[in-house]
Amino acid sequence: MVRRTKADALATRNSLLDAAEHLFQAHGVSRTSLNEIAVAAGTTRGAIYWHFKDKADLFKAMMERATLPLQAGFPDEDTPARDLPSPLQSLRAGFRHLLHMIVTDERLRRVFEVITFQVEYNSDMAAVREWHLHMRNHHLELTKQMLAVAAERVSLTLPAPLQSAALGLHFVMDGLKRNWLLDPSAFDLEVVGQHAVDTYLTGLGFDLNDASAQAQRLPALAHEMPT
């Protein structure tokens, strides 16, 4: 009986998140009421407050559910950049995974459309704005760490401060995502995106072919080291 109750609660929660995704995409976050979400999910307004504190809490849960699969494409956050065979290749692989998921994962694409075009950071959504900024700054810090270690390994002096270099890469990805979501028929996001990222990294002075070779050499060297 307990298992069924937990399963029912999870099903209700997912139904609410599904309904919120579609309504936010169609009408915008501020123009969608919690009651409309409850009706679309086939439940009551009270069920929303059982699972979520308010609309901002529901929105954050929607984002976290949609973006969870993205973690598989990036290094474990507990692994320092210095312990990666090639931080630069890990960064490129993570961006490739992100672009691929945006193109192929309907839920992720829908949620990115909402956060890009359909959310207003008014007083009711202040908590969401803070969460969004926290996640941006967190990923910027990870990018900075990987760029710093990658540059150090090849004795490269970046042509811009590390913070600026990481921000520039973020702007490239954000611009790609925004423009593709506006018109998916305009260009191949995965192909153009990879070209744009590689062009940017090359502009910073990285030799991408050398970085790839380095990633292949380091595991072999580690295997040969005496224990």
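Helices (H or I, at least four residues) and strands (E, at least two) are DSSP runs, numbered from the N terminus. The structure is a predicted model, in which local features need pLDDT of at least 70, side-chain atom pairs count only at pLDDT 80 or more, and totals for chains, interfaces and linings use all residues. Residues are numbered from 1 along each chain as its sequence is written, and side-chain values use heavy atoms, with hydrogens and water left out.

**Exercise 1. Describe the setting of Thr-116.**

Solution. 
Step 1. Locate the residue: Thr-116 belongs to helix H6, which covers residues 106–117.
Step 2. Classify its exposure. Buried means under 20% relative accessible area, exposed over 50%, and partly exposed in between (1.4 Å probe, protein chains only). Thr-116 has a relative accessibility of 14% and therefore counts as buried.
Step 3. The side chain of Thr-116 reaches the backbone oxygen of Phe-112 at 2.6 Å.
Step 4. List its contacts, where contact means heavy atoms within 4.5 Å. Not counting residues up to four places away in sequence, Thr-116 touches Lys-177, Arg-178 and Leu-181.

**Exercise 2. Compare the span of H7 with the span expected at 1.5 Å a residue.**

Solution. 
Step 1. State the rule: the expected span of a helix is 1.5 Å times one less than its number of residues.
Step 2. Apply it to H7. This helix (residues 126–153) has 28 residues, for which 40 Å is expected.
Step 3. Compare: from its first C-alpha to its last, H7 reaches 41 Å, close to the expected value.

**Exercise 3. Determine which helices the buried residues of H7 pack against.**

Solution. 
Step 1. Identify the buried residues of H7; among them are Val-128, Trp-131, Leu-140 and Leu-147.
Step 2. Name the partners: the buried residues of H7 pack against H4 (55–67), H5 (87–104), H8 (162–182) and H9 (189–203).

**Exercise 4. Describe the largest nonpolar core.**

Solution. 
Step 1. Define the term: a nonpolar core is a set of buried Ala, Val, Leu, Ile, Met, Phe, Trp, Tyr and Cys residues joined through side-chain atoms within 4.5 Å.
Step 2. Give its size: the largest nonpolar core has 58 residues, and those with the most contacts inside it include Phe-24, Leu-58 and Leu-147.
Step 3. Name the main contributor: H7 gives the largest share of this core, eight residues.

How values were computed
Polar contact = N/O pair within 3.5 Å; in protein donor to acceptor, adjacent residues only side chain to side chain.
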